[in-house]
Amino acid sequence: MLEKLRKIDTRVVERMSQIHRPVLDKIMVIFTYSGTGALVWWVLYVIPLLIARHFRVGIILTTSLGINYVLGEILIKKKVGRMRPSEQISDEDMKINKPKDHSFPSGHSASSFCAFTVLFWTCPVWMWLPALFLASTIAFSRMYLRVHYFTDVMGGIILGILDGSLVTFVFQFILFRPA
């Protein structure tokens with residue numbers, strides 16, 4: 001099973017290097033940087049929701065992104081210690097600086113799908129549908145830029161969906177439940 005996953009990861013890294021185009025390179029760099037530190041989620045959703053007095057959703061988003069960071073970046077990533085595909089690529093072939101931390105799970109994918117999931121469970125479609133596009137594009141950009149394997153991104157997506165769903169459930173049905 002692990003060998004099959006390694007083959008898939010290798011094949012995806014190879015395919016990503018084949019589809020590079022100058023315009024797409026620039027677009028993917030913008031998307032990947034927007035996902036760094038969950039910046040885009042804070043700017044487009046958390047802060048506006050808190051300002052617009054949608055405190056519950058803002059609090060759920062803030063909490064889930066915080067828990068997601070601790071689980072993904074501090075606990076899982078350090079425990080797994082997986083090398084990134086970019087370690088095998090020359091600096092000249094990279095479109096961004098090589099990340100210095102470990103690869104699994106993708107933090108960009110985890111935070112993006114965590115934010116999307118909270119919005120999916122708590123907001124109307126006109127708010128979560130653009131978030132789904134944004135989360136998917138950020139996750140794809142991590143593979144396109146060859147800083148994550150396919151399984152890193154899938155692990156991040158799964159972590160984000162589970163975390164966003166669990167935190168939303170706890171807040172909606174336990175903490176914010178009417179007495």
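Q: Where does Pro105 lie?
A: In this predicted model, Pro105 is in the loop that joins α4 and α5.

Q: And what is the peptide bond from Phe104 to Pro105, cis or trans?
A: That bond is cis, and its omega is near -5 degrees.

Q: Moving to α4, how many residues does the helix have?
A: Helix α4 covers residues 55-80, which gives 26 residues. From the first C-alpha to the last, α4 reaches 35 Å, close to the 38 Å expected at 1.5 Å a residue.

Q: Which residues of α4 are buried?
A: They are Val57, Gly58, Ile60, Leu61, Ser64, Leu65, Asn68, Gly72, Glu73 and Lys77.

Q: Why would residues three or four places apart point the same way in an α-helix?
A: An α-helix has 3.6 residues a turn, so positions three or four apart point the same way.

Q: Which helices do the buried residues of α4 pack against?
A: Their partners are α3 (39-51), α5 (107-122) and α7 (150-175).

Q: What follows α4?
A: Gly81 follows the helix, and its phi is positive, near 65 degrees.

Q: Is Arg53 buried or exposed?
A: Arg53 counts as exposed because its relative accessibility is 68%, and the cut-off for exposed is over 50%.

Q: What about Arg146: where does it lie, and what is its phi near?
A: Arg146 lies in the loop between α6 (125-144) and α7. The phi of Arg146 is near 60 degrees, a positive value in a residue other than glycine.

Q: Why does Arg146 count as buried?
A: Arg146 has a relative accessibility of 10%, so it counts as buried; the limit for that term is under 20%.

Q: New topic: which residues form the nonpolar patch on the surface?
A: The patch is formed by Met1, Leu2, Leu5, Ile8, Phe150 and Met154. Together these residues have about 560 Å² of accessible area.

Q: Which elements give two or more residues to the patch?
A: Those elements are α1 (2-18) and α7. The largest share comes from α1, with three residues.

Q: Back to Leu2: which helix is it in, and is it buried or exposed?
A: Leu2 belongs to helix α1. Leu2 is exposed, with a relative accessible area of 57%.

Notes. Residues numbered from 1 in each chain as written. Predicted model: local features only at pLDDT ≥ 70, side-chain atom pairs only at ≥ 80, totals over all residues. Heavy atoms only, no water. Helix = DSSP H or I, 4+ residues; strand = E, 2+ residues; numbered from the N terminus. Expected span 1.5 Å × (residues − 1). Buried < 20%, exposed > 50% of the residue type's maximum accessible area, 1.4 Å probe, protein only. Contact = heavy atoms within 4.5 Å. Patch = residues over 30% accessible without salt bridge, like charges linked within 9 Å, V, L, I, M, F, W, Y side chains within 5 Å. Areas by Shrake-Rupley, 256 points an atom, 1.4 Å probe, with all protein chains shown as cover. Salt bridge = Lys/Arg side-chain N within 4 Å of Asp/Glu carboxyl O.
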